[in-house]
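Hi,

Here is the structure I promised to pass on. Have a look at it first, and then read my notes below.

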Amino acid sequence: MGETGKEEYKIQSFDSETQKLLKTALKVTLEQAGPKGCWVLAVFVLSADPSNVDLDKVANIIVDQSLKDSVFSKEAGRICYTIIQAESKQVGQSIFRRSLLNRLQQEYKDREELRTRSLQAWICYVTFICNIFDYLRVNNMPMMALVNPVYDCLFRLAQPDSLRKEEEVDCLVLQLHRIGEQLEKMNSQRMDELFTLLRDGFLLQEGLSSLSQLLLLEIIEFRAAEWKMTDAAQKYYYSEVTD
């Protein structure tokens, strides 16, 4: 078995049936690691064999897990990319990608209801869709179909009620660090509009915690420096957050 595409993913344990399904889709070796409930999926990308599994079911399992597991939502993009690449090479189809995007669209349409029902699930969804945007490519470019949905999610995180919640501000800043530069290249006007909201929130909004103010200032300066963190800024913000 070739190991040139080996990657590791830390996830919470699935039930035995789901583990079997994912192992079939990915041809993985599963080893218990770390605290109870955590696993490492050693994925052999070039040996993945998605043709013998229900990829629609796999897509739904991955989305479901992403909505309830904040750690997995950060890693799921690589797993999805692995399956999509293998399916394209070996089967010449895109069943998994189509199922994944359909499910993401469904959750996107219900995003306000999702946020109302569970703030954690909402944050996991934003993390997941940004993760997918980061990994999925068409002709080596981010998927245009995801640009506006991702922006809409980030705009929601920039609304006054969200800026008063540290979890949402933290999510917003993390995603902008990860994909902000890519997003701006795809639609700079919307990025300008988003940062107008963030500057107004930082300067004018009442009720922001000191941590939220610090995070907003940091991301404003980060973009102003062309999406780069200077050594001085890194030292300052890191010391402020840890103090």
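A cut-off to start with: a residue counts as exposed when its relative accessible area is over 50%, as buried when that area is under 20%, and as partly exposed in between. Glu226, with a relative accessible area of 58%, is therefore exposed. Please keep in mind that this is a predicted model.

**The overall picture**

The protein has twelve helices and five strands. Of its 243 residues, 48% count as buried. If you take the contacts with a separation of 6 or more, 69% of them are between residues 24 or more positions apart.

**The core**

The largest nonpolar core holds 61 residues, and the members that touch the most others are Ile62, Phe96, Leu100, Leu154 and Leu176. The largest share comes from α6, with ten residues.

Setting aside residues up to four places away in sequence, Phe96 touches Leu55, Val58, Ala59, Ile62, Cys80, Ile83, Ile84 and Glu87.

Is Ser66 buried or exposed? Its relative accessibility is 0%, so Ser66 counts as buried. Beyond its neighbours within four places in sequence, Ser66 is in contact with Phe72, Ser73, Ala76, Cys124 and Phe128.

**A helix pair**

As you know, two packed helices are described by the angle between their axes and the distance between the axes. For α9 and α10 the angle is about 145 degrees, and the axes are 8 Å apart. On the α9 side, the contact is made by Leu172, Leu176, Gly180, Leu183, Glu184 and Met186. On the α10 side, Ser188, Met191, Asp192, Leu194, Phe195 and Leu198 take part. Sorted by class, that makes eight nonpolar, two polar and two charged residues. Leu176 from this contact is also one of the core members that touch the most others.

**Salt bridges**

Side chains of opposite charge can pair when their charged atoms come close. Searching the whole structure turns up twelve salt bridges. Three of them are described here.

- Arg78 with Glu75: the closest N and O atoms are 2.2 Å apart. Both residues lie in helix α3, three residues apart, which is about one turn of the helix. Arg78 is partly exposed, with a relative accessible area of 22%.
- Arg156 with Asp161: their side chains meet at 2.8 Å, N to O. Arg156 is buried, with a relative accessible area of 13%, whereas Asp161 is partly exposed at 28%.
- Arg223 with Asp192: here the N to O distance is 2.6 Å. This pair links distant parts of the chain, with Arg223 in helix α11 and Asp192 in helix α10, 31 residues apart. Arg223 is buried at 14% relative accessible area, and Asp192 is partly exposed at 40%.

Which residues do salt bridges with shared partners join into one network? Glu112, Arg115, Arg156, Asp161 and Glu168 make up that network. Asp192, for its part, is also among the α10 residues that contact α9.

Glu226 is not a glycine, yet its phi is positive, at about 60 degrees. You will find Glu226 in the loop between α11 and α12 (231-242).

Asn139 is the other residue to look up. Its phi is near 55 degrees, again a positive value in a residue other than glycine. Asn139 sits in the loop between β4 (137-138) and β5 (141-142). With a relative accessibility of 75%, Asn139 counts as exposed.

That is what I have for now.

Cheers

Methods. Residues numbered from 1 in each chain as written. Predicted model: local features only at pLDDT ≥ 70, side-chain atom pairs only at ≥ 80, totals over all residues. Heavy atoms only, no water. Core = buried A, V, L, I, M, F, W, Y, C linked by side-chain atoms within 4.5 Å. Buried < 20%, exposed > 50% of the residue type's maximum accessible area, 1.4 Å probe, protein only. Helix = DSSP H or I, 4+ residues; strand = E, 2+ residues; numbered from the N terminus. Contact = heavy atoms within 4.5 Å. Axes fitted to C-alpha atoms, helices over the stretch in contact; angles between N-to-C directions. Nonpolar A, V, L, I, M, F, W, Y, C, P; charged D, E, K, R; others polar. Salt bridge = Lys/Arg side-chain N within 4 Å of Asp/Glu carboxyl O.
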